[in-house]
Amino acid sequence: MNYWATETGGRTITSIFFGGGTPSLMDPATTAAVIENAADHWSFADNIEITFEANPTSIEAAKFKDIRNAGVNRVSIGVQALDDSALSFLGREHDRDQALEALKLAHEIFPRFSFDLIYARPDQTAEAWTTELQEALNFASDHLSLYQLTIEKGTPFFAYQRDGILVTPDDDRAAALFEITQEICEDNGLPAYEISNHARSGNECRHNITYWEGGDYIGVGPGAHGRLTINEAVYATEQIPGPENWLSNVEESGHGTRRRDTVDSESRIEELFLMGLRLTDGISRDVFFDRSGLEIEDAVEPRRLRQLLEGEFLILDNDGIRATASGRLRLNAVLAALLG
Amino acid sequence: MTELSHIRNFSIVAHIDHGKSTLADRLIQVCGGGSERELKEQMLDTMDIERERGITIKAQTVRLNYKAKDGETYQLNLMDTPGHVDFTYEVSRSLSACEGSLLVVDASQGVEAQTLANVYLALDADHEIIPVLNKIDLPAAEPERIRSQIEDVIGLDASEAIQVSAKTGVGIEDVLESLVQRLPAPSGEKDAPLKALLVDSWYDAYLGVIVLVRIKDGVLKRGMKVKFMATDAVHHIDSVGVFSPKRQNVDALYPGEIGFITASIKHVAETQVGDTIVEEKSTITEPLAGFQPSVPVVFCGLFPVDAADFEDLRDSLAKLRLNDSSFHYEAETSAALGFGFRCGFLGLLHLEIVQERLQREFDLDLITTAPSVIYRVHLKNGDVEEIHNPADWPDPTQIDRIEEPWIKATILVPDDFLGPVLALCQERRGEQIELTYAGSRAMAVYRLPLNEVVFDFYDRLKSVTRGYASFDYQLEDYREGELVKVTILVNSEPVDALSMIVHRTQSEYRGRGICTRLKDLVPRQLFKIPIQAAIGGKVIARETISAMRKDVTAKCYGGDVSRKRKLLEKQKEGKKRMRQFGSVEIPQSAFIEALRIGGE
């Protein structure tokens, strides 16, 4: 942080996010020290959002109070499911009761909290998911992350799926589940503001919006990525991934940066679309111009854009550009058609 | 030199797997031509593919010295001939260098279609034919039944058929003895001016072109200057020799003998098979009867699966052609498949062999378009065009009438399978000429349009008869037919590589087949994609690829941006292999797969 401060000192911080890995293993005193150090280097926005990612095990929940006292004002809990067999399938250490207990505690301790669920699980019917989601909405305050199960290469799930042991919903069923999710959340006052994120108006995660709108962020800690605009140039930064190496490098040379690449203007435009179109509100003309130096129309091939507008996958108006519901459901293909 | 009376030139006529090569090996072995160690199975078939498929493609020759029961030593020249119909041309030129043939029939299987075709060619060449019943060691052998079958089906006297087992060696002496006693000796004049028949030629990496000759009159010696009458080219003979079966130089070749010459010839194309070779200053003006040149009858496009292999493909085709002047190729460009070649072949087997050699010997991954034949298109303005590429098909409004090649096909099949075979022939517009029974086998002779045969006929025949049918054909004539060009449209744009010329009655079935296949192969896109088969402007079959329902990454935060962008770059790279059809891009692999499945 000290290192990054030399380049960005004087700027205002709008959010801090303790996430990735298991930050709740960290001593709350360390959390407090990190926040204090940040405050020494940068000025904090009045409404600064400081989020902490935690698992709903009883050990982690026991630290909630201390974490709150360290300055954290929002907690994001990896609940993942409200069903014990699903939790064991997902390889989680907590069970349903612990999850509900953690949510209750978070509700009492933090001004804002969010939790996540994973759906479109193997054998999960639309009815079962509807029930689970309805129940989750009872515990939710003002923010929910709802992810469809993604099976990553290199995990045992990938092999199971390939060998037919694991059958995940096909695109048609996954699409139906996605649509049900949008509908239920909207009816309950938590519309999607991003592909997988739902919030009561005004309670969106400001930190993540910085990512999606292509704002600047410093990545501190092993493997963390950052985006920094310095004198008009945009840099993509990446920290050394292994904690030991990262730490020894920081101790020796004062920083843990592994790569620092210039993001050229073409890539910058791609990133703005890749991330911005995930948001329900899309990218505003002002933000786009501010971050790319171009009007939206001048940044893409007119033929490609027109085709997607005509296909009702995108909307372009005075506010900016955004994907329609049907466009968001097929965003990867839309992006490929727009930028490919 | 060997006296003419002590020379016998013969070839072996047989169906695939009836033991021709094994018998040849035995004959060589008995005559001391190959030691046990050298006698790998089937010495004569030198190419891997020939050995694997049990067929001979290029003619091979071997000189044997046999000490007969009369105490005299005879020079026996064996010309091995290709066993397949596609190579009829090679068969007939090999046969023309000999005076007689051994007709080898498997004593358990009986006469097959190719046996028939080749035995008729031998009879055409005025051969004396000695029937040989092979594999009599097999428990299933029925020599008596097969003997009468030869008489019934071929109409040949088989009373003196020799019973052998090339595998165990039984009867081999009898075969050699009968060659001496029953075949006529060649004729020729040693003192007359040189006259030699150019039987075959092939390229050897060390010696250049090797020319196989049969001496009619005169003597051919090393150091002579000779003239090839057809091309008027003069060559200096570097070496003269025979195969025994190893290549072995000799001083001279005399009348009646078969051997080879080398003369620093660089290209096979410079040697015209069937040509007459005379001395440079010869006064001979009348050449020997030559052969009809072989012409390609089956055509298809050959494209590299990886566009980067195009140059390799070009080089490989050139190399193959060095030794196989019967196949033709020219560059072709396809919007769907990229750069490739339009190739012509003697038949389907020839096509398969060339394709397989390209893949195996040159390590190329290839895709072929639907095989086509030569159509004679009579235009309204009186012009007649010969067309084998659907891309060249004229506008239907300009066409007056179209003629297509027909063949006479002979199919031999066990009784039990006759029904499905007849049904298949009917379905392919066949006309029955003859249906006869010999024992438990039936012989069906049909007239069939060649274009119905080049489209999966072999495969269907094989599957409906569980591989028990044998099939042979010869081109007969051209007949008028109601042929149409079926175009496949993806997103309303034609895919050139999938166009085909078919009979109107088959058009819907074939068009629908490709549409259905493509439907499974083309990945879903943002937009619905219609896949249509059409004749001119009229759509005859249609499928629709429904639009993609969902494709979105669930989690994407600050740490994922770079990865997402790299993924996009990779997709862009992949687009180089995409073909644009209006608003949609279709991977080339979909077309390749469609053709692949179609060919199976």
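Hi everyone, let me start with the interface: chain A and chain B bury about 3,300 Å² between them, and carbon and sulfur atoms give 54% of that. Buried area here is the accessible area, with a 1.4 Å probe, that two parts lose on being put together, summed over both. Before going on, this is a predicted model, where local features need pLDDT of at least 70 and side-chain atom pairs count only at pLDDT 80 or more, while totals for chains, interfaces and linings use all residues. Residues are numbered from 1 along each chain as its sequence is written, chains are lettered from A in the order in which they are written, and side-chain values use heavy atoms, without hydrogens and water.

So who takes part? Chain A puts 45 residues into the contact and chain B puts in 26, with contact meaning heavy atoms within 4.5 Å.

On to the polar side. Between the two chains there are 20 residue pairs in polar contact, both residues at pLDDT 80 or more. A polar contact is a pair of N or O atoms within 3.5 Å; within protein, one must be able to donate a hydrogen and the other to accept it, and residues adjacent in sequence count only if both atoms are side-chain atoms. The interface of chain A and chain B also has six salt bridges, each a side-chain nitrogen of Lys or Arg within 4 Å of a carboxyl oxygen of Asp or Glu. Have a look at A:Asp172 and B:Arg524, a salt bridge with its closest N and O atoms 3.3 Å apart.

Which elements of chain A give two or more residues to the side that touches chain B? Among them are β5 (143–148), α9 (171–187), α12 (265–276) and α17 (331–339). These are DSSP runs, helices (H or I, at least four residues) and strands (E, at least two), numbered from the N terminus. The largest share, eight residues, comes from α17(A). By type, this side of chain A has 21 nonpolar, 11 polar and 13 charged residues; Ala, Val, Leu, Ile, Met, Phe, Trp, Tyr, Cys and Pro count as nonpolar, Asp, Glu, Lys and Arg as charged, and the others, Gly among them, as polar.

Stepping away from the interface, the count of salt bridges over all chains is 46. One of interest is A:Arg96 with A:Glu135, whose closest N and O atoms are 2.6 Å apart. That pair links distant parts of the chain, from helix α6 (residues 96–109) to helix α7 (residues 126–139) of chain A, 39 residues apart.

Thanks, and I'm happy to go back to any of these on the screen.
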